[in-house]
Amino acid sequence: MGLALVRAAQWTTASSGTGKLEITPMNESLLREILCFVEQFSARHPQEARHVFKEPLQWKTSLEASDFKTEYDISGDTVQSQEKDKDGHPLLHLSPPDISVSSFSQLSKLLQLARGRKLKELRACLEENRDPVVKILGPSFATVEGQDSSVLRLLEKVKEDDQGRETEVKVKLLILLQQLDTQLLSSSLKQLSQEVRLSPAAVKSDVELLRSFCGTGEKRILKSIQYTSDYEFNNGCRSPPWRQVHGEICYLIVETWDTEPLFITCSTAGVFLNGGIKQEGEENAYERKSDIYKDLVTLLRSHSPHFAENINKQDFAVQEEPLSMLKIPHVEAVDVEETGQTQRSYEQQRKNVHEKARQQHVPNKLGGKKKLEPSPKWKNLGLASPPDEADEKKARKSGTSEKAGESLLKTQRPESKKRVDVSGSSLPGRQSSHKTKTSGGVVGADDFSESSSESEEDEEQPDRRAESSTDLPSEYWQIQKLVKYLKGGNQTATVIALCSMRDFNLAQETCHLAIRDVGGLEVLINLLDTDEIKCKIGSLKILKEISHNSQIRKAIADLGGLQTMVRILDSSDKELKCLAAETIANVAKFRRARRTVRQHGGIKRLVELLDCVPDSASLTEEQQKDVEVARCGALALWSCSKSTRNKEAVRRAGGIPLLARLLKSPQKNMLIPVVGTLQECASERSYRIAIQTEGMIEDLVKNLSCNNQELQMHCASAIFKCAEDKCTRDLVRQYEGLQPLVALLSQSDNKQLLAATTGAIWKCSLSMENVAKFQEYKALETLVGLLTDQPEEVLVNVVGALGECAQRPENRATIRKCGGIQPLVNLLTGTNQALLVNVTRAVGACATEPENMAIIDRLDGVRLLWSLLKNPSPDVQASAAWAICPCIENAKDAGEMVRSFVGGLELIVNLLKSPNKEVLASVCAAIAKIAKDEENLAVITDHGVVPMMANLTNTTDDKLRQCLAEAIARCCMWGSNRVAFGEAGAVAPLVRYLRSKEPSVHQATAQALFQLSKDPNNCITMHESGVVKLLLGMMGSTDEALQEAAAGCVANIRRLALANEKARYG
Amino acid sequence: MSQMSAMNRKLIQNLAETISKQVKHFNKTETMCLIRLFNGLVGEQTERRAGNGLDRGKFRNILHNTFGMTDDMIMDRVFRAFDKDNDSYVSVKEWIEGLSVFLRGTLDEKIKYCFNVYDLNGDGYISREEMFHMLKNSLIRQPTEEDPDEGIKDLVEITLKKMDHDHDSRLSYADFEKAVREENLLLEAFGTCLPDAKSIQAFEADAFRDPFEH
């Protein structure tokens, strides 16, 4: 047992001397076994028991004379055994507190006498006699680690000695002692291997032990010890699963007598203080705040002096009860079958406990502590934390029943099935986010002043950690292992681990989460800060893949990865630069990341990457690498350019000429990010001008005819955005870009491409020359075909294009002939405002043709238009009102039709209260048409149209002035409206309109004034406002209508003056 | 004396001429510089052994000081790779041939060279044991570890899984080459045996300096 005591037993001081045996479960079990051995010794081996020790074992005992009974000579305090050795010395001698014992028989008797204190006695004995074998058999048997030749020595002795009898006993004794030694060693080994990493069971037993030390009594060493959670998973852990991944077993709150309450985390690596976890869920509280101690007692000892002082005084007696249960000899010899069984029954017990726990937790859930709630799902997950695995491994190793192994397999199988489900279910999510990207791009494109896709495709999504970490597939543990090698390996091991990690399916979300949750991201990002190029490359290759996941992107940004990657862009290694830029391209999908890149000088560096010479057809290897660097740079800029300020930064860093140069590159994979960036930036005016002036339109047009749909889409999209400008539209035509655009309309399967193409056609058709070209290419026929069964982003553009084309009469006929009127009218029932604006415009344009109008009327299109006046969007209101004008003009029985819309007239008059000038202008225009019908004019007069319009007269907006003047001219035709306008003060402002620079305003105004001048009071007002001089000028106009109206007005004024004179001078 | 050095120069020129024809990646001037450097290094060596070339210690010093290598075993293996005729000395020709791969080798040449370095017993295969031997210091030993070698063994298994395409539990040259072509990072899978870009640059800048400059 010498070896066992030296090696296995845990002494308080490492060096020999009078150390103390610590109170640890291991020492306890060692002592227990020795106790068994000694107690049974005299019964089993009576002969050897009588053998007198070479030297007596001496120690300080707590036994007193009164404890001894027969077979002892008791005189006062001292006690002597009756049994004597051959020299007459008693084999036991006690003179308190010293005791010396010289044979096993006495030793076992003594222990029997000691009763409850036997462990304490044994401990004291062993503490004083560190190598009892020496005393028992002599110094030549001293325990020397490593070489044990004592048996051989003894055998030699047997040969030499003639005292065969005694030596034989000695040999037997030695053999027995050595047996004990091996037995102790093997059992302590078993325990050691358990103890190296704490297991839930070990922690549990520790806590139980300490709990028995708690209380309020004087001698108590702790106030209390408790778990933070009553819930125990069936692997024995009490920490939530996402912490179990870190090896944490449970959290404790320990109140000592002399310190603040200690918040303790027990993990497989050891025990340490945490940031104060009162209940799970406070994420930042999980941090380690102290050193790691190997177990709970050690930690408490170093933090609570009171505890340290008192724990050593505690007897093992506290644990007496479980000890007595273990009196069966050869505990470890219990046959394996049985251990297997106990383990199973233990598991069953656990399950029961678990069930109960679940039931207990149901009311909790209602209590609203949702975060703390272990979901019932967890139960089935086999949250095998590492210690548990170790247990199972051991169970198998020791050859336990095959059933255990079987059940293991069974638990794993459903797991893998579930894994498949998870990956499947994660797909729709990604797709949908993809979809939002595209729609964001197109809708945004309509509104140029804002950045196109600043409407984020992934604004930081809420963390789905809890949800997705519920399933821990085997990859999880493999990745955890690899991350461990990354952490603890040199360059070589790191590279191997990185390469191995790349073999996982890094497109899978489970892997992303595994890498993040086991702390792999931190390591990967830290690797970027090293000097090892290979490690950086390996790490970036992984980061590049996993950064497709939005949560990973966020985590990378949080960990400061972007800053490091931006720095890497300065590296001289081209592969490294490429990977860094590509990863940035992936990460910079959300606003905060883009800002980070900009703020750390990333934009400038990325722009510098673009600087290469791509145009030569045959490239050297080095040049190819340069091109690749530029491509990656463009990719990153593409992502970054979704933020308005980054666009500006790219421009200022001189990115535009570089992009223009790369645009001439023959490589498609280069062109896509370049054009992508350009089309993204084209939402900025400065870029639109640059694209036009740097001659990029030609290249964009050229690439419309390539065979890559993505590239075509970006080109079309860039043209879409740039063609707002007339020069650009002309350039597109000059470079013969219109025909390829029309050709692209046939790619109706690719909706993104179709949306971009139709957008480009729409904007190009703003120029009538282009419309003529489109006619030539028969674009209208195709466009009409696209009016049905298309997504809205396509429809908006198609209808927009038709609206523009329909400004030419022959196209209006074409649309009708192709059957385009009906689908257009049908679209009036939609809800998309951008679409409605375009549809109303198109319908309005078509309605200028009486034949079309007949169809529209038949389809009840005017009613639909009219109801759009109720649309909340002013743009739609205005557009609808504009469209109503030609309808009224061209419809048969227009007056009757308008009257048939119940409440329609009131509705349109009330729109005169709108604050929007465009709405006002359009409504005035519509009122001018409506007022042609006398009955309707009477109705709108009743609705108070006169004072409302009079209120608007002070406007300076020429468009509104014109429409308003027209409407006023019309409305004067009824009753006393002329007088009413005069009274409402509309005349004087109207006179001012004549000073406008817009000739069309003059005509309408002159007509209004002509009408108003039929009332004498108005003539006076006009005259006072100095109208005559202005009108005289107008009479010289080439516009006959204006001439006539002006002359009429002047005539009226003159007539009044004459009448006046006549009356006066009579 | 001047006659001597003139003769010497003539000799070096001739030597450079012949060697530069046989060795890729170096032109004649560069070869001359390397010969001169070699002579300098050998000259510093004790005179009695001169003539044979660089001995192991000297060579290892260069690897350590100039190219920043630290692993003793790998440095020994690099020496072996240079010392093609196995006479324990790196001759001038071996020196230049070796450096041609070492500094400017193509991927193919480097794969051959690295395989050579890693094939410790020269039997044409990198065995499990050899891998273990080369990787054994690559992980920090954690005191809590049950079996401190377990991590290394696992690394070896990982490497085999990744590189042993014919599944015979050892790496043939074909295995190695295929794996490296798929993933260049695996070129130095079992330890750094090539200099990094920075030290190559530094060495070349130093070695190919104009000899008449000083």
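**A tour of chains A and B**

Begin at A:Lys778, the residue that follows helix H38 of chain A and has a positive phi, near 55 degrees. The model is predicted: local features require pLDDT of at least 70, side-chain atom pairs count only at pLDDT 80 or more, and totals for chains, interfaces and linings use all residues. Residues are numbered from 1 along each chain as its sequence is written, while chains are lettered from A and ligands numbered from 1 in the order in which they are written.

**Helix H38 of chain A**

Select residues 768–776 of chain A, which form H38; helices (H or I, at least four residues) and strands (E, at least two) are DSSP runs numbered from the N terminus. Buried here are A:Asn770, A:Val771, A:Lys773 and A:Phe774, where buried denotes 20 or more other C-beta atoms within 10 Å of the residue's own, exposed 12 or fewer, and C-beta atoms are placed from the backbone. Viewed down the axis of H38(A), the buried residues fall within an arc of 160 degrees, so they line one face of the helix; the arc is taken over directions from the helix axis to the C-beta atoms. On the other side, A:Met768, A:Glu769 and A:Glu776 are exposed. Next display the elements that cover the buried residues, including helix H35 (726–734), helix H37 (751–764) and helix H40 (792–805) of chain A.

**The sheet of chain A**

Proceed to the open sheet of five strands, ordered E1-E5-E4-E3-E2, with antiparallel pairing; two strands pair if DSSP finds at least two bridges between them. Its edge strands, each pairing on one side only, are E1 (52–60) and E2 (72–75) of chain A. Within the sheet, select E3 (residues 78–81) and E4 (residues 92–95) of chain A, which pair in the antiparallel sense over two bridges. A:Gln80 stands opposite A:His93 in E4(A).

**The contact between the chains**

Now show both chains: the contact takes 21 residues from chain B and 21 residues from chain A, two residues being in contact if their C-beta atoms, placed from the backbone, lie within 7 Å. On the chain B side, helix H8 (residues 150–163) gives the most, with five residues.

**Annotated segments of chain B**

Finally, select residues 70–105 and 106–141 of chain B, where an unreviewed UniProt entry places the feature "domain: EF-hand"; such annotations may be inferred rather than shown by experiment. Residues 70–105 of chain B are 67% helix and 6% strand, with end C-alpha atoms 21 Å apart. For residues 106–141 of chain B, the values are 56% helix, 8% strand and 36 Å.
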